[in-house]
Amino acid sequence: MLRWRIAIVVSAAIALSYLDRQTLPVAIQAIGKDIPLTNSQFSNLQSAFLLAYAFMYAGGGKIADALGTRRGFTLIMVFWSVACASHGLAITFAMLAVSRFLLGMGEGGGFPAATRVVAEWFPSNERATAMGIINGGTAAGAIAAPPLIALILIYSNWRWIFFITGTLGLLWTVWWRRAYFAPGDHPALTGAERAKIASTALPLEAVKPPHLPWLLLLRIRETWGLVFAKFLSDGAWYFYLFWLPKYLYDARGFDIKAVGAIAWIPHLAAGIGCLLGGWFSSYLLRRRISLNLARKVALALSAAVMPTILLVPHVPVSWAIAIFSLAYFGQQSWSTLVMVLPTDLFPTSVVGAVAGLVGFGGAMGGIAFGELVGYLLDHGFGYGVVFKLAGTFHVIALLVILFAVPRLRPLDIERRLGYQGAS
């Protein structure tokens with residue numbers, strides 16, 4: 001059906017975003033021969049990405065709400081593809097940092113736009129599954145990154161990694177422009193599928209209030225609860241995502257070929273987590289379990305596996321990869337569910353803005369923990385302390401959600417805020 005094909009198109013965009021953001025961590029050993037970097041400078045590069053990503057995740061939601069999904073996603077993808085290619089021109093740490101910042105600006109709008117696609121095209125009982133497919137793109141891109149980068153480095157230098165991945169993004173934009181239209185405008189949408197979509201999802205122009213300022217949205221307990229939970233869980237996730245190749249280089253003695261051969265395995269587990277987390281929640285709904293319980297049971301099971309990461313420094317490398325794989329599985333199952341919560345709670349007209357705020361919190365968590373990781377490693381604390389901290393974050397985030405969202409159901413935000421919006 002057409003809506004599932006659209007989910008695959010969006011999943012491909014998310015795959016490219018994770019391919020682009022993994023280029024620097026996986027290629028860091030080769031880049032370091034031309035531009036030497038300390039652990040703190042490596043953290044600073046990720047912070048430059050995440051700082052821009054945080055603000056544009058919030059701003060990108062507003063852009064998608066204002067321009068519409070089709071035009072908004074086009075602008076977002078073109079910008080981040082050019083920014084990715086610009087890494088290949090860098091000759092200093094400062095130039096790398098600027099390119100990283102620009103990449104974060106572009107990629108920040110990707111997930112809010114994807115969330116709008118889910119809200120526009122899918123009824124509530126399919127949204128977690130659709131988001132799982134889309135979020136599965138994170139794994140596809142990250143799986144492709146290590147072997148692709150290793151292959152490019154065999155035949156060329158590290159600069160071509162960025163030129164090639166930037167070109168892939170521009171090619172996706174052509175596909176997007178041909179494939180995507182809003183449900184009301186899509187020429188290939190059948191009457192039966194249009195009726196199914198309309199049965200549980202209101203058209204954007206019919207949902208009130210049409211716009212709410214961020215400060216008003218943050219007055220809603222569920223908003224800041226999701227933001228803080230994402231701050232915690234993404235603090236751990238960005239550490240795993242950005243530091244796994246460096247951990248394998250520094251602590252396990254891997255070279256680029258070994259990283260290319262091994263580092264994709266946890267991302268494969270992450271992809272399975274994306275699909276199973278969303279599928280399991282949707283399965284519970286089909287079994288007539290309440291929305292509240294279906295989402296929270298799936299979230300709790302996802303968080304329960306995350307403390308196993310504490311064992312990584314104490315086991316052989318084969319077991320370490322297995323534990324990373326379990327943690328990646330749990331994280332991306334968790335992430336799929338957290339990203340779909342705004343579509344469960346908020347009217348479609350503000351889903352992009354709320355998703356943007358949630359992503360902002362996640363990116364700021366990545367900055368805060370990433371900078372702490374760089375400091376700890378450069379001051380002799382080692383990876384053991386870092387893994388002990390990261391292993392607790394998802395459990396705390398689950399408690400935050402249980403407190404902030406005691407009952408998961410669509411919110412009457414006009415009543416909650418006493419807001420009388422424009423008609």
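1. Is F231 buried, partly exposed or exposed? F231 is partly exposed, with a relative accessible area of 30%; buried stands for under 20% relative accessible area, exposed for over 50%, and partly exposed for what lies in between, with a 1.4 Å probe and protein chains only.

2. This is a predicted model, in which local features need pLDDT of at least 70, side-chain atom pairs count only at pLDDT 80 or more, and totals for chains, interfaces and linings use all residues. Residues are numbered from 1 along each chain as its sequence is written, and side-chain values use heavy atoms, with hydrogens and water left out.

3. On secondary structure, the protein chain has 18 helices and zero strands. Both are DSSP runs numbered from the N terminus: helices are H or I with at least four residues, strands E with at least two. The radius of gyration is 20 Å, close to the 22 Å from the globule rule for 423 residues, so the protein chain is as compact as a globular protein of that length. That radius is taken over C-alpha atoms, and the rule is 2.2 Å times the number of residues to the power 0.38. Along the principal axes, the C-alpha atoms fill a box of roughly 60 × 40 × 35 Å.

4. Of the 423 residues in the protein chain, 58% are buried. The accessible surface is about 16000 Å², and carbon and sulfur atoms hold 69% of that surface; the areas come from the Shrake-Rupley method with a 1.4 Å probe, and for residues only the protein chains shown count as cover.

5. Aromatic pairs number 28. The rule takes rings of Phe, Tyr and Trp (its six-membered ring) with centres within 6.5 Å; planes under 30 degrees apart are stacked, over 60 edge-to-face, and the rest tilted. W176 and Y180 are a stacked pair, 4.4 Å centre to centre with 10° between the planes. W176 is buried at a relative accessible area of 0%, and Y180 is buried at 2%.

6. Why do F228 and F231 count as stacked? Their ring centres are 6.1 Å apart and their planes at 20°, so the pair is stacked. F228 and F231 are three residues apart in helix 10 (residues 221-250), which separates them by about one helical turn. F228 is partly exposed, with a relative accessible area of 39%.

7. Ring pairs also link a cluster whose members include Y18, W237, Y240, F324 and F393. As for charge over a ring, K246 lies over the face of F42, 5.9 Å from the ring centre; the test asks for NZ of Lys or CZ of Arg within 6 Å of the ring centre and within 35 degrees of the ring normal.
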